[in-house]
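Please read these comments with the sequence and the model open side by side. They are set out as numbered points.

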Amino acid sequence: MISENNKYLTVFGRKWDSYLSLSIPMEPVAKARARVTRWGVYTPEKTKVAQKHIASAFEDAFSNDDEWPYKLDCPVLVVLRLYHKRPKRLCRKIDPVGPILKTTKPDKDNLEKLVNDALNDAGVWIDDKVNTTSITQKEYVALGDQPRVEIYLYIPHEI
């Protein structure tokens with residue numbers, strides 16, 4: 001289903017060219033639902049801060065490019081690798097040294113939503129509707145490693 005060549009990535013028979021990639025040192029955060037109170041509707045602070053952090057990281061990394069903001073208006077493949085802090089229960093000598101797949105909360109789709117909204121805010125694409133294909137993996141970091149969010153964006157090979 002997925003194969004990598006030096007020039008492009010093939011997913012479900014379609015070729016994708018690498019466009020942008022960025023590793024952001026932070027604990028991955030899921031997009032929380034808006035909260036409703038008798039005084040109105042608000043987005044939880046943790047969600048707002050994480051979304052702004054990702055958007056700012058993209059702006060800082062690519063704002064020196066003459067084409068920034070990119071405002072991509074073509075299909076985009078998003079590959080996310082989300083590395084969460086490893087809990088103490090997985091730091092024993094018998095546990096693997098490398099990353100371990102994470103099967104607990106937060107849900108993968110809520111993690112993806114936050115990144116998609118942050119890329120909207122940063123001006124990477126016109127809207128997250130252009131995200132046609134996604135591959136997301138959530139893991140605990142390797143021993144001695146730090147939590148981070150790795151984002152890889154690909155555009156169709158034949159544009």
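Predicted model: local features only at pLDDT ≥ 70, side-chain atom pairs only at ≥ 80, totals over all residues.

The points below take up confidence, then the pocket, then the cavity.

1. The protein chain averages a pLDDT of 94, and 98% of the residues score at least 70. Among the elements of the chain, the lowest mean pLDDT, 73, belongs to strand 1 (residues 2-4), whereas the highest, 98, belongs to strand 6 (residues 76-84).

2. Which residues line the largest pocket? Its lining is made up of A30, K31, A32 and R33, together with K105, P106, D107, N110 and K113, and the volume of this pocket is about 190 Å³. When the lining residues are sorted by class, 5 are charged, 3 are nonpolar and 1 is polar.

3. The search for cavities of 30 Å³ or more gives a count of 1, and the largest cavity has a volume of about 30 Å³. Around this cavity lie P28, V29, I54, L82, L111, L114, V115 and V149 as lining residues, and of the elements, helix 2 (residues 108-122) gives the most to the lining, with 3 residues.

4. How many nonpolar, polar and charged residues does the lining of the largest cavity have? The lining has 8 nonpolar residues, with no polar and no charged residues. A student may set this beside the largest pocket, where the lining has 5 charged residues and 1 polar residue as well as 3 nonpolar ones.

How values were computed:
Residues numbered from 1 in each chain as written. Heavy atoms only, no water. pLDDT = per-residue confidence, 0-100. Helix = DSSP H or I, 4+ residues; strand = E, 2+ residues; numbered from the N terminus. 1 Å grid on protein atoms, 1.4 Å probe; cavity = no way out; pocket = protein on both sides within 12 Å on 5 of 7 lines; lining within 4 Å. Points joined across faces, edges and corners; volume = space filled by probe spheres on them. Nonpolar A, V, L, I, M, F, W, Y, C, P; charged D, E, K, R; others polar.
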